[in-house]
Amino acid sequence: MASVKSLRPLPALPEGWSAESNFIAHAPLSASVHRKLEPVGPHFLAHARRKRHSRTFSEDDRIQASQNVKSVEDDDVGEISEPESPLLLQRDPKDWKNQDHYAVLGLSKYRYKATDEQIKKAHRKKVLKHHPDKRAASGATEDDSFFKCIQKAMEVLSDPARRRQFDSVDEDANRDPPTKKAKGNFFKLWSVVFESEARFSKNQPVPKFGDEKSTEQAVEEFYNFWYNFDSWRTFEYLDEDVPDDNENRDQKRSVERKNKASRTKRKTEDTARLRKLVDDCQNLDTRIKAFRDAKKKQRNAKRDARDAEEKRVAEEARIKAEEDKKRKEEEEVAAKASKESSKKAKEAAKTAVKKNKRVLKGSVKDANYFVSGIASPDVIDKVLSDVELIIAKIDAEDLGVFAKKLEANKGADAVKATYLAQASGMVSKGLIKAGELKILTSA
């Protein structure tokens, strides 16, 4: 029943105050509006329920509470309800460390994935079902051992630190890796294994295992993550109970040292186990081989391209060397031929010059050195001296032309006229000075 609070009275009006003289209207009243009101809300529904069933407030509250309890018992039956085996119901609550707390609360299929709300709901259902008072009211004769197991399970799972300790050693949550001969999709089989191990990771989210379409970078990141896995998994749950006897401190310290050594050993073994698991998975992962083959193929392609380029360059160098050699040989042959031709030409020119000289000298001899009768040695010497001078000053080509003219002109007078014309031309060209000739300048 609602309590009534006393109201504080309004302050008294000032003495002499009257509505007619002292009232001040600051604003006019708004116009009235007609609105249609409908009764709604939980309080109205409760009022309607009480009127319909002719109940008092206490009767209605009691009936509603009973229905709420029943709805809690029937709520999500399929979600967090599991059959309770006889062995589970006969568990010794003193052996609580070896009991499956999730199975006790009916959360075996959820385990470390169970939310706090699911744990609370499961605990409430188990308490409503196994509470000693309720079982006694229903005529059951069993003791309250399983109820104590329920309370212990709730005590462990509702405490985040203790639940984490239990989850660290919960073997029922582990997924064994598939064998080499296991049938099924490789990626699906291993994904559930790594998903189970991922619950211990300090770093979240954990990379997914992926599938055959995963990129090389994603696969490398996945294995790098697991090879550097930072686990929060601890093994305090398996510690030997430390005695509370303060008088036996040596024994207490001994147990603590033993527990610490045991935890370290288990941690080392678990790290080695996880490393072997990752190694085995990587050795069986077909993606690794595919990536290696692709890299090998790429390397081979680069090597083949490099070898082909080197071969092409070498072939071009060989062809160029052969062409250079051939051109050099041809140049040498041409130079040799040119040299021989030049040599022959020179020899021929020399022969022609010698012949022409003989023609010039023979022509004056045949012309009796341009005198009648027997030529004196002095005349012969002067004529031959003029001929030698002409031969010395004239070039080979003009010498040949001059020799042909002499061969064409027969007779002493014609030969002498040819010599005089040649000598005159050479004097006019400045090849010979007029005073150098002794005979061939006179008329």
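Q: Before anything else, what counts as a helix here?
A: A helix is a DSSP run of H or I with at least four residues, and helices are numbered from the N terminus. Keep in mind that this is a predicted model.

Q: OK. Which helix holds R312 and E309, then?
A: Both lie in α13, which covers residues 286–366. They are 3 residues apart, about one turn of the helix. R312 and E309 form a salt bridge, with 2.4 Å between the closest N and O atoms.

Q: Are those two buried, exposed or partly exposed?
A: R312 is partly exposed at 38% relative accessible area, and E309 is partly exposed at 38%.

Q: How far apart are the closest N and O atoms of D172 and R111?
A: They are 3.6 Å apart, in a salt bridge. D172 sits in the loop between α9 and α10, and R111 in the loop between α5 and α6, so the pair ties together parts 61 residues apart in sequence.

Q: And is R111 buried or exposed?
A: R111 is buried, because its relative accessibility is 7% and buried means under 20%. D172 is exposed, at 53%.

Q: Switching topic: how much space is in the largest pocket?
A: About 520 Å³. Its lining has 25 residues, and V169, D170, E171, N174 and R233 lie nearest the centre.

Q: What classes are those lining residues?
A: The lining has 14 charged, 7 nonpolar and 4 polar residues.

Q: Which helix gives the most to it?
A: α12 does, with 5 residues.

Terms used:
Residues are numbered from 1 along each chain as its sequence is written. This is a predicted model: local features need pLDDT of at least 70, side-chain atom pairs count only at pLDDT 80 or more; totals for chains, interfaces and linings use all residues. Side-chain values use heavy atoms; hydrogens and water are left out. On a 1 Å grid over the protein atoms alone, a cavity is a set of points where a 1.4 Å probe fits but cannot get out, and a pocket is an open set with protein on both sides within 12 Å along at least five of seven lines; lining residues have an atom within 4 Å of a point. Grid points are joined across faces, edges and corners, and a volume is the space filled by probe spheres set on the points. Helices (H or I, at least four residues) and strands (E, at least two) are DSSP runs, numbered from the N terminus. Ala, Val, Leu, Ile, Met, Phe, Trp, Tyr, Cys and Pro count as nonpolar, Asp, Glu, Lys and Arg as charged, and the others, Gly among them, as polar. A salt bridge is a side-chain nitrogen of Lys or Arg within 4 Å of a carboxyl oxygen of Asp or Glu. Buried means under 20% relative accessible area, exposed over 50%, partly exposed in between (1.4 Å probe, protein chains only).
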